[in-house]
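Have the sequence and the 3D view open while you read.

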Amino acid sequence: MDFVVSQILTGLSLSSILLLVALGLAIIYGVTGVINLAHGEFVMLGAYCAWLLQTEFGWSLITSLAVVFAAIAALGWLIEVAVIRHLYDRPLDTILATWGLGVMTQQIVRLTAGGELRYVQMPPSLSGSVRILGATDSTYRLFVLGVALGLFVLTWCIYRYTSFGLKLRAITQNRAIASSFGINSARAYRLTFAYGAGIAGLAGALISPLKSVSPEMGTTYVVDAFMVVVLGGVQSLVGTLASSAVLGEASGLLAYYSNDTIAKALVLIAIVIIIRFRPQGLFALRVRA
């Protein structure tokens, strides 16, 4: 029993990180159709913001979360205005543009903050452990899980129960018709990109006490985020949640019996097989023809 609970908790910990990283990408990709290869760099910048606020200003991680979200969201807004908004009708060009932005961001961070590993201190109040049904888990990892689920619920409520969410759903189905009804699609896209970038930055800040912070840290996370979004189904927030849970639990279980590298390879092979027979993902939205 202890082993089962321990494995479930390990999988949930991995799932919470996947959900945090993939949620912002799912919003941007699902609404705007932008293939944002710079998403991992937003995660990295969030981690560096948390490190900077802690080392230079003495802020605790919890205190800095709101500032990190606002800062990275503002950066996402500026990038959308300067670059992305010119490429919505050229989706393939967004791949090159966002990849270039990611490379530039890595180099700027390396030149300004250095290439050595940085570390963010875990909040002392969350540095302990909790026993659950005989198994022990980190208090901070449970906190991250709670934040991830809270962000998902907030995003879901915005998407389903607000006028802005209704506009997003209309734009997603048919941008031209939505615009003809007076919906400002450019403004909606800008806010969506900023919100998705902000969530990515928040994910980086929350991950930073668990992983070392470096200019290249976002590369791994963007691959994982795309796997989650593609498996769950583009435009499906429920699919993002479900695929995060499935991939997290599967990775945790396979890593226990082998190692992390083999686990990632097996998970990737499974995703390729699933997408081969269900290319729309596991939870694709149904829309009127």
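## The overall fold

How many helices and strands does the protein chain have? There are 11 helices and two strands, where helices (H or I, at least four residues) and strands (E, at least two) are DSSP runs, numbered from the N terminus. Starting at the N terminus, the order reads α-α-α-α-β-β-α-α-α-α-α-α-α. The radius of gyration of the protein chain is 19 Å, close to the 19 Å from the globule rule for 289 residues, so the chain is as compact as a globular protein of that length. That radius is taken over C-alpha atoms, and the globule rule is 2.2 Å times the number of residues to the power 0.38.

Before going further, keep in mind that this is a predicted model: local features need pLDDT of at least 70, side-chain atom pairs count only at pLDDT 80 or more, and totals for chains, interfaces and linings use all residues. Residues are numbered from 1 along each chain as its sequence is written, and side-chain values use heavy atoms, with hydrogens and water left out.

Of the 289 residues, 46% count as buried; buried means under 20% relative accessible area, exposed over 50%, and partly exposed in between (1.4 Å probe, protein chains only). The chain exposes about 14,200 Å², with carbon and sulfur atoms supplying 67% of it; these areas come from the Shrake-Rupley method with a 1.4 Å probe, and for residues only the protein chains shown count as cover.

Leaving aside neighbours within four places in sequence, Ser-243 is in contact (heavy atoms within 4.5 Å) with Val-228, Leu-231 and Gly-232.

Now look at Ile-262, Leu-266, Ile-269, Ile-273 and Phe-277, which make a nonpolar surface patch of about 510 Å². Patch residues have over 30% relative accessible area and no salt bridge, with like charges joined within 9 Å and nonpolar side chains (Val, Leu, Ile, Met, Phe, Trp, Tyr) within 5 Å. A salt bridge is a side-chain nitrogen of Lys or Arg within 4 Å of a carboxyl oxygen of Asp or Glu.

Ile-269 is partly exposed at 49% relative accessible area, and Ile-262 is partly exposed at 41%.
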